[in-house]
Amino acid sequence: MNDRELGCAGGQFMDRGRMNQNGVVQPLLTDLYQITMAYAYWKSEKTDDTAVFDLFFRNNPFHGEFTIFAGLEECLKFLDSFHYSQSDIEYLKQTLPEGIEHEFFEYLGNLTARDVTLYAIDEGTVAFPRVPIIKIEGPLIIVQLLETTLLTLVNYASLMATNAARYRMVAGKHVKLLEFGLRRAQGPDGGLSASKYSYTGGFDGTSNVLAGKLFNIPVKGTHAHAYITSFSSIGELKTRLIKHKQTGIMEDLLEHAVKHRALLSHLLDVSTEESSEGELAAMVSYAIAFPDGFMALVDTYDVKRSGLLNFSAVALALNDLGYHALGIRIDSGDLAYLSCLARETFEKVAERFKVPWFNKLTIVASNDINEDTILSLNEQGHKIDCFGIGTHLVTCQRQPALGCVYKLVEINGQPRIKLSQDVEKVTMPGNKNAYRLYSADGHALIDLLQKVSEPPPAVGQKVLCRHPFQESKRAYVIPSHVESLYKVYWKAGKICQQLPTLEQVREKVQISLKTLRNDHKRTLNPTPYKVAVSDNLYNFIHDLWLQNAPIGELS
């Protein structure tokens, strides 16, 4: 069997080749209070108690009205490998308060996730506040111990995928998006996760070479300003010859470039004396190294008076020898104006030198780009073909955390509710199912939570949908299509679904987003998507609320 063999038992699948887990993700990647609670549960003889926890978020990020669920595969890897090693146990013996009984450490050493059941919506699906994206059932102690790790695996992944999806929407489907954020990310793990989940959300590639290797993401890049500034004159060029692509004859690329630069200076009305000789030397050097992949940074000195002239000269020199340059990158200045200037320059060169492919040279823009920058550039009629986005993407500067929570909703078959003076923090108790109801035009209309004991909503049948906490907000819905959101992904120590590839999750994101109306997805004042509960669940919540709320006394 190969390294992608499928282990199957009773229809349950696990793709062994895809279960390469980050070594940092382990049971000790948790908060101390999870382990102290585990001991208190154990001391209270709650080892046979069973519980249900909901993992959900309360608000969509970035002032938007949708969230992309991501990180599920990493959660399943964690469950698959969950086990306290001997060194973990020894460390806990030294770290936990004195007096903890030895038998508890033996108990921890034997814990696995075999008796846990995990339900989830599909990774890459749009999700909404209060609808659990993961539901965990199992022995109370083990499902409590999973909390922090599951949250850290889902929170950033979903935030990053959502951020990337928003960039994709504002950029449009014809503009390429590249993730350039590794150097600005929150450490190596943050950088790798950013590369993976930006690709999930709709980016086309990354500059992160390790991410390319680990996740099979296309890797893209050009060169830094340092490469340009490392040359100060053409006299520094130690290599000037390159083979003609068709004939194989060695020719002097610099000689061709200098000839073309003289002709271009008249066409572009730019003096060769104003342009940088060092920049020309650097571009010639880079073109010799990558004749079929020549993409140059043109803003080191002056885009108009140096960068575009030198690039065009080298690109035409490559053309003489049978090669086609790829394009340019602009990393500073007025990106709208400079991209239009570059496109105009390329069109002039294409016409004057009869090289139609020059019209299609790629213009890449970077320089601290965010969502608002792209919207502004769109309004200004930019000519950018590709954005390289780093800091604002990978750090999610507009909102650095999603805020997923993990709440106990049932224990030993009995519902549990958390009350708060802040209604937003009141939990919805009990074991629940979630359904997405669609309108006749195919768009998602509302997400409906029900008790697991209730029959699912039926197509063509009127369903009363209620706001979970506001009595007057209610509506009848007659769905044209009903989608059950949960699947069993983990049970009896096995993954129960064929896991999608990263490409399939990426495709799922775009398919899922298409089910939302445009007014839910717009960047300015989007329409809130409705999340409701059944009439049965509404009454259940409020009855339990009254049972648990203390009764005040006036005197």
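Predicted model: local features only at pLDDT ≥ 70, side-chain atom pairs only at ≥ 80, totals over all residues.
1. The mixed sheet. Six strands make up an open sheet whose order is β21-β20-β25-β19-β18-β22, and the pairing in this sheet is mixed. At its edges stand β21 (474–477) and β22 (481–484), each of which has a single partner strand, so that one side of each is left without a neighbour in the sheet. Direction ignored, neighbouring strands of this sheet are turned by 35° against each other on average.

2. Strands β18 and β19, and the helix on the sheet. Within this sheet, β18 (residues 432–438) and β19 (residues 444–451) run antiparallel and are joined by seven bridges, with Tyr 435 standing opposite Leu 448 in β19. Packed on the sheet is helix α18 (residues 535–548), which touches β18, β19, β20 (463–466) and β25 (530–534), and the direction of the helix makes about 80° with that of β25.

3. Ser 439. Once residues up to four places away in sequence are set aside, Ser 439 touches Leu 445 and Ser 480.

4. The parallel sheet. A further open sheet is formed by six strands in the order β9-β8-β15-β14-β13-β12, and here the pairing is parallel. The edge positions are taken by β9 (205–206) and β12 (295–297), and because each has a single partner strand, one side of each is left without a neighbour in the sheet. Strand β8 (residues 176–179) pairs with strand β15 (residues 386–389) over four bridges in the parallel sense, and Glu 179 is found opposite Ile 389 in β15.

5. Helix α2. Eight of the ten residues of helix α2 (residues 72–81) are buried, so the helix is described as mostly covered. The buried residues are Leu 72, Glu 73, Glu 74, Cys 75, Leu 76, Lys 77, Phe 78 and Leu 79, a list that holds charged side chains as well. Among the elements that cover these residues are β5 (117–120), β7 (134–139), α6 (147–171), α7 (187–201), β23 (487–491) and β24 (494–495).

6. Salt bridges between separate parts of the chain. The count of salt bridges in the model comes to 21. One of them joins the side chains of Glu 101 and Lys 43, at 2.2 Å from N to O; since Glu 101 lies in the loop between α3 (86–95) and α4 (102–109) and Lys 43 in helix α1 (residues 32–43), the pair ties together parts that are 58 residues apart in sequence. Glu 101 itself counts as partly exposed, at 27% relative accessibility.

7. Lys 508 is partly exposed, with a relative accessible area of 25%, whereas Asp 122, at 16%, counts as buried. In the other salt bridge, the side chains of Asp 204 and Arg 506 meet at 3.3 Å, N to O; Asp 204 lies in the loop between α7 and β9 and Arg 506 in helix α16, so the pair ties together parts that are 302 residues apart in sequence. Both Asp 204 and Arg 506 are buried.

8. Glu 410. The side chain of Glu 410 does, however, reach the backbone nitrogen of Asn 431 at 3.4 Å. Leaving aside neighbours within four places in sequence, Glu 410 is in contact with Thr 50, Ala 51, Val 52, Pro 415, Arg 416, Gly 430 and Asn 431.

How values were computed. Residues numbered from 1 in each chain as written. Heavy atoms only, no water. Polar contact = N/O pair within 3.5 Å; in protein donor to acceptor, adjacent residues only side chain to side chain. Contact = heavy atoms within 4.5 Å. Pairing = 2+ DSSP bridges. Helix = DSSP H or I, 4+ residues; strand = E, 2+ residues; numbered from the N terminus. Axes fitted to C-alpha atoms, helices over the stretch in contact; angles between N-to-C directions. Buried < 20%, exposed > 50% of the residue type's maximum accessible area, 1.4 Å probe, protein only. Salt bridge = Lys/Arg side-chain N within 4 Å of Asp/Glu carboxyl O.
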